[in-house]
Amino acid sequence: MVIPQTALAHLSFYFLIHALIQFPGFLKVFGLFFRALQRLHYEQGLVTILALGTIVFQSSAVILLRRWGAEQPAIGEALGGVWGLGIGLYLAEWITFIIGLWLYRRQGYSLRALLTPGYDRHILGQILSFGGRLTFGKVFVALGAFVQTNLLTAMLSNHAQLQPDLTFMIYITSAYEILSTGLYNGLMPAMTEALSLKYKSLLRYYIGQGIHYGMWLGLFLLGTLGALAGRVMTDTFGTTYPYTTRWIGGLLIWGAAQWMTWLPDRVLEAQGRPALTSWLATGEQVLRIGLMAILIPRWQLAGLVMAYTLIRTLRILVSSLLVRRLIIRPRVYVWQTLVAPTSAALIIFNILRVVGEVWQNRGRPVSTVMLVGALYLSLSVY
């Protein structure tokens, strides 16, 4: 009733389909169960199946429904493709659910115990309280992203020219999210167990290893992508993304620092303080929007960069301070966490810079193979 009357009318079916495929809301229950049980190999297996299945089923459904839509004048090719995106994702989620069900039963667990309420009103209140306190921050993150998009449209003089770059920048920084989905989400239940049993040394070790591997993987990706990404982008896309190519170093540093918010958030959640993570996320959005409104009119894209960098740095400092004051002072292993990965990343960076010079201007296929090969081969060297 509302969206078709606005400038977002063309997204109406996206919203409808996205809303419909939320039901039933329990298709990831087995992945969450395995995470809580710390059977992380099963959980990561289901995450991988969902990721790959989404690519396969969405691609197939989009191709088929685009052809079907083209033959139906009332629907059209584009809308058929939109339906294909939703149906493909839904199929991938159901198949992942069925595989998760098989793995669950294979372990000998009762399906009735998982899918029927086995708790009283007190436990129900705790569940809803925790979920509610965790969720409101995520809502503000989404609202903040919506407001920031509108601010950029209104304040950046060359927004139309920048739009492809801004989208591509998000894709580049998302490479680091493997730390969030693969490490910190799995570390949270282990930290919860250590906190509930009052194993302070174990908790300190978990957090220390979280810092260690955040630096470890962050610096690896920074070293490899920092050496090759600009050259690969030039060979692959030419001048299609000029601003991304110019800011690629800063983007990679931004991505490498993201774990510094993910780890403290998971530690606070493990201690039963999800509201703190929500307030941190909400405060970050509000302050960033305010700073964008001040800096972008004056400095344009540079103002946007300053707003994001300053507020994220503040968020990192406040999150780390809260963990140290409210929970525990982590132990940082200087050689493992700082010296060794930094030195190794610098060596990898310089080696790959030389390799990049050799393979300069080889075109898209060679550049893509070079990037993937460099990531795999340099990991063992690193």
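Helices (H or I, at least four residues) and strands (E, at least two) are taken here as DSSP runs, numbered from the N terminus. On that basis, the chain of this predicted model contains 15 helices and zero strands.

**Overall dimensions and packing**
- The C-alpha trace spans about 60 × 60 × 45 Å along its principal axes.
- Buried residues make up 38% of the 382 in the chain.
- Of the contacts between residues at least 6 apart in sequence, 77% join residues at least 24 apart.

**Nonpolar cores**
- The largest nonpolar core comprises 60 residues, and Met191, Ile207, Trp259 and Leu263 have the most contacts inside it.
- Helix H9 (residues 200-237) supplies the largest share of this core, with 15 residues.
- Leaving aside residues up to four places away in sequence, Ile207 touches Met191, Leu263, Val267, Ile328 and Pro330.

**Surface**
- The chain exposes about 21,800 Å², of which carbon and sulfur atoms supply 68%.
- A nonpolar surface patch is formed by Tyr119, Ile123, Leu124, Ile127 and Leu128, which together have about 450 Å² of accessible area.
- Ile123, one of the patch residues, lies in helix H6 (residues 121-155).
- Ile123 counts as partly exposed because its relative accessible area is 32%, a value between the 20% limit for buried and the 50% limit for exposed residues.

Notes: Residues numbered from 1 in each chain as written. Predicted model: local features only at pLDDT ≥ 70, side-chain atom pairs only at ≥ 80, totals over all residues. Heavy atoms only, no water. Patch = residues over 30% accessible without salt bridge, like charges linked within 9 Å, V, L, I, M, F, W, Y side chains within 5 Å. Areas by Shrake-Rupley, 256 points an atom, 1.4 Å probe, with all protein chains shown as cover. Salt bridge = Lys/Arg side-chain N within 4 Å of Asp/Glu carboxyl O. Buried < 20%, exposed > 50% of the residue type's maximum accessible area, 1.4 Å probe, protein only. Contact = heavy atoms within 4.5 Å. Core = buried A, V, L, I, M, F, W, Y, C linked by side-chain atoms within 4.5 Å.
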